[in-house]
Amino acid sequence: MDYKNAGVDIEAGYRSVELMKKHVKETMRPEVLGGLGGFSGAFSMSAFKNMEKPTLVSGTDGVGTKLKLAFLMDKHDTVGIDCVAMCVNDIACAGGEPLFFLDYIACGKNFPEKIAEIVSGVAEGCKLAGAALIGGETAEMPGFYPEDEYDLAGFAVGVVDEKDLITGALLQAGEVLIGMESSGVHSNGFSLVRKVFDVSKESLNTYYEELGKTLGEALIVPTKIYVKALKSVKESGVLIKACSHITGGGFYENIPRMLPDGICAVVDKNSYEVPAIFKLMAKKGDITEEIMYNTYNMGIGMILAVDEKDVDTAMEAIREAGEIPHIIGRTEIGEKGVTLC
């Protein structure tokens with residue numbers, strides 16, 4: 001009896017590392033010390049030596065049950081982007097610059113080509129965020145996961161000068177809310193998605209005229225990474241008063257997180273076009289509007305609050321970064337919360 005007979009193939013692990021090296025190499029930053037394969041990842045503090053009060057910010061998350069779609073579609077090169085996005089978007093909305101990322105893949109059986117495909121997506125997400133992929137772990141766990149399934153999670157660290165932290169403390173009534181378009185469902189609420197569409201290979205391959213593509217193609221689109229857009233706004237000289245990453249909990253749970261006591265947000269639902277995938281889901285699942293806005297991003301993945309005089313500059317900076325902004329509402333005096341009208 002040996003480890004391989006017990007279900008863990010060490011040689012496959014070595015091959016996975018070799019196959020992923022080319023993807024990891026593309027994410028490197030000058031501050032990265034050492035190479036892939038060590039017991040830890042090293043990152044030089046030179047990245048923030050000129051800051052007055054350098055402050056580390058971190059984020060950790062996984063892809064969730066969206067992975068079920070990847071299994072059924074046998075498409076594994078985009079879920080890594082989702083994993084990175086869920087971590088770095090949280091860092092960016094606190095005003096931080098993501099520095100490095102580590103991933104964790106747990107699988108029933110290590111298929112090196114599949115693992116490398118997953119990591120290629122992680123690396124792509126890191127490149128979009130400007131973060132280095134400095135390490136990770138692939139755990140082969142036979143008997144715990146089915147052979148053809150895996151879980152994917154990650155952890156990111158960023159930095160911001162303390163004076164540049166976005167906390168919402170400066171937010172007042174009369175600020176303008178700018179929303180950046182999402183790419184679709186992103187990586188939240190897929191347990192409900194799978195109930196609505198009774199997800200199977202057949203349903204994922206079904207073409208919907210209103211989507212202009214198959215259901216699977218619409219749902220697997222990776223989460224937007226807003227790091228460059230938020231950095232662009234900052235570099236334009238605009239002060240971001242508050243920021244909210246619209247993830248699980250949708251508008252109703254996430255927008256209040258950026259509000260101080262005594263300030264409420266009023267959002268105009270007609271200020272942008274809700275993507276077809278959400279309309280289809282609500283119709284097919286007979287889901288109320290309130291539940292939709294309390295579960296999904298509804299087409300807006302990141303919201304920032306700025307002074308009215310800075311709106312045009314902020315909108316242009318977002319466009320220059322390749323994202324699509326909309327003025328979606330304002331802040332008012334009132335009980336902390338959000339009103340959709």
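1. On the domain 1 side that touches domain 2, helix H2 (67-73), helix H3 (79-92) and helix H4 (112-129) each provide at least two residues. H3 gives the largest share, nine residues. Helices are DSSP runs (H or I, at least four residues), numbered from the N terminus.

2. A word on the source: this is a predicted model, where local features need pLDDT of at least 70, side-chain atom pairs count only at pLDDT 80 or more, and totals for chains, interfaces and linings use all residues. Residues are numbered from 1 along each chain as its sequence is written, and side-chain values use heavy atoms, with hydrogens and water left out.

3. Domain 1 spans 3-164 and domain 2 spans 175-340, with bounds from an automatic or database domain assignment. Their centres, taken over C-alpha atoms, are 25 Å apart.

4. How many salt bridges link domain 1 and domain 2? The count is one. Lys-234 also forms a salt bridge with Asp-164, with the closest N and O atoms 3.7 Å apart. The rule asks for a side-chain nitrogen of Lys or Arg within 4 Å of a carboxyl oxygen of Asp or Glu.
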